[in-house]
Amino acid sequence: MSLNQTNWTEATQAVEAAQSILIVTHVSPDGDAIGSALGLYNMLIKKCSSVAVAVDGGVPDFLSFLPHADHIQSVLTSGAWDLMISTDASDEDRTGQVGEYGRAHSKTIINLDHHATNTGFGDIYVVNPEVASAAEVVYQWWKQANYALDRDVAQPLLTGIVTDTLGFRTSNVKPATMAAAQELMSLGASLTQITAMTLDSRPYEVVDVWKRAMPSIELHDGVISANITLADQENVDDRERMEYGLVGWLRQVDEAMIAIVFTEDKPDQVKLSMRSKRGFDVSQVALTMGGGGHQQASGATVQGSLEEVRAKVMPLLVTAVKEGKLDIV
Ligand code: 5GP
Ligand code: MN
C-alpha cells in the first residue's frame, strides 16, 4: 500500500506557528523539485520572516529563470529551524546533504510528495500519489489554506506541473490538473516561457552525448535500452539532463513497453532512468534496485559495473513487460 495522506490542517498550523522554515528537495533537481520548492518559498516568505530553501549543488541553469531561484542555497553549514518541509523526495536520502543537515537542525518535518514509493518519513504527511507533480500538491495545499496566490508562486508551480507531466501528456493528468494550470496561467504564469526553458531546451553537448550513445540502443522482449558510458560523457557539464530526454524518446518506440537508460556515474556506479507505457510498472523494479519513483517514470543508483547492473535489471524489466498490459484508453 502506498502512502496517501494529506494532513492539510496540521501542515498549515505548523506553518503558522513556525518562526523559521527550511525547504529542501531532491538531489539532481528537476522542474518539479525546484518548481514545488519555489512555489512553497515564494508563498512562505509572505508568512514567515525567516525562510531558507536549499538543494545540494544549487539550482540548475535551465531553471534559473524562476522568481527567487537565486535565493536557493547550495550548501547548509549553519542555521536551525522550527519547521523543515521536504518536497518531491520519496525518501530521506534523496534530499542529500542539505536534507541531512536540515533533519538534524529542525524541530518538525513536513513530508510533501506525490511519489507512490514514499517511505513515510517525517512528522506531518502531505503526500498525494494521485497527482502528477509535487507542485500540484503545493497548489492544493495553498487552496486548502485559503492563501492568495500571486505570479511568483504561480510561475514555479506551473513549471512543476508542466515538467512532471511532460507537457500535460502523462496518464495522471486529470481535469483538476488542467484547472490548476488554468488558474496559475490567469495569475500570470507563462506557459510559453516555461515550455521554452524546460521541455524545449537542451544544450548541444547533450545531443553530442546521445550521438555517442545511440549505437548501444537495443530492443528485446518489449524493453528498449541504451547505455551512456563514462567515455560518452567526456567534456559534459550538464550531466543531469543527459538521460532525461533520451529515455522519453526511447519510450515513444511502438514496439517498446519499457525504456531504460543506463548511465555510468563512476566506474562502479550506474544510474537507471526508466519509463514505461501505461499498464507497465517500473517503480517496483526501481524499489528493488534501491531507488523509487512512479509507475511510468522511476530511477535508481546502483553499485556495480555497467555489465553487472544490466544483467541484474534487464530480466526484471522483461518480467514487468510480461506482467503488464498496454492501457492507453
Ligand atoms: P529520472 O529518470 O527522471 O531521473 O527519474 C524519474 C523518477 O524517478 C522521478 O520521479 C525521480 O524522483 C525518481 N527517481 C530517480 N532516481 C531515483 C533514486 O535514486 N531514488 C528514488 N527514490 N527515486 C528516484
Ligand atoms: Mn515530482
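Which residue in β6 is the bridge partner of S86? The legends below take up this pairing and its surroundings in a predicted model, with residues numbered from 1 along each chain as its sequence is written.

View 1. The bridge partner of S86 in β6 is N111, and β5 and β6 run parallel, joined by 6 bridges; two strands pair if DSSP finds at least two bridges between them. Strands (E, at least two residues) and helices (H or I, at least four) are DSSP runs, numbered from the N terminus. β6 also pairs with strand β7 (residues 124-127) in the parallel sense over 4 bridges, with I110 opposite I124 in β7.

**View 2. D88 in the loop between β5 and α3.** D88, which lies in the loop between β5 (81-87) and α3 (96-104), has a positive phi of about 65° although it is not a glycine. At 2% relative accessibility, D88 counts as buried.

**View 3. N235 in the loop between β9 and α9.** N235, placed in the loop between β9 (223-228) and α9, is likewise not a glycine and has a positive phi of about 65°. With a relative accessible area of 74%, N235 is exposed, a term that applies over 50%.

How values were computed. Chains are lettered from A and ligands numbered from 1 in the order in which they are written. This is a predicted model: local features need pLDDT of at least 70, side-chain atom pairs count only at pLDDT 80 or more; totals for chains, interfaces and linings use all residues. Side-chain values use heavy atoms; hydrogens and water are left out. Buried means under 20% relative accessible area, exposed over 50%, partly exposed in between (1.4 Å probe, protein chains only).
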